[in-house]
Amino acid sequence: MWIGVTQQRTDLPSVMNTPTKPPETIEVEQTTIACDGDGGALGHPKVYLSLAEKGRVECPYCDRLFTLKEGAGGGGH
Ligand SMILES: [Zn+2]
């Protein structure tokens, strides 16, 4: 019996054709940051994001990734 099923998933996101520039990665020293997309043309309502859980957080509006700077937030010595 010949089984010629060639069904493929074609619903993958087109990551090769992004019209916008890739998201930035921003190092911060606080576990809580506010992001408003720089307030320019790409701005968005200010949101407060917490890095306390994972040490990093991605802004749901502008996709910028905030990471906790090494040695920050530890309370010092
Ligand atoms: Zn943002």
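Colleague: What percentage of the 77 residues in the chain is buried?

Modeller: Buried residues account for 6% of the 77 residues; a residue is buried if 20 or more other C-beta atoms, placed from the backbone, lie within 10 Å of its own, exposed if 12 or fewer do, and partly exposed in between. This is a predicted model, in which local features need pLDDT of at least 70 and side-chain atom pairs count only at pLDDT 80 or more, while totals for chains, interfaces and linings use all residues. Residues are numbered from 1 along each chain as its sequence is written.

Colleague: How many helices and strands does the chain have?

Modeller: There are zero helices and five strands, in the order β-β-β-β-β. Helices (H or I, at least four residues) and strands (E, at least two) are DSSP runs, numbered from the N terminus.

Colleague: Why are strand 4 and strand 5 said to pair?

Modeller: Two strands pair if DSSP finds at least two bridges between them; strand 4 (residues 56-58) and strand 5 have three, so they pair, in the antiparallel sense. Val57 has Phe66 of strand 5 as its bridge partner. The two strands form a hairpin with six residues between them, and Asp63 in the turn has a positive phi of about 65°.

Colleague: Which residues form the covered face of strand 5?

Modeller: Phe66 and Leu68 form the covered face of strand 5 (residues 65-68), whereas Leu65 and Thr67 form the uncovered one.
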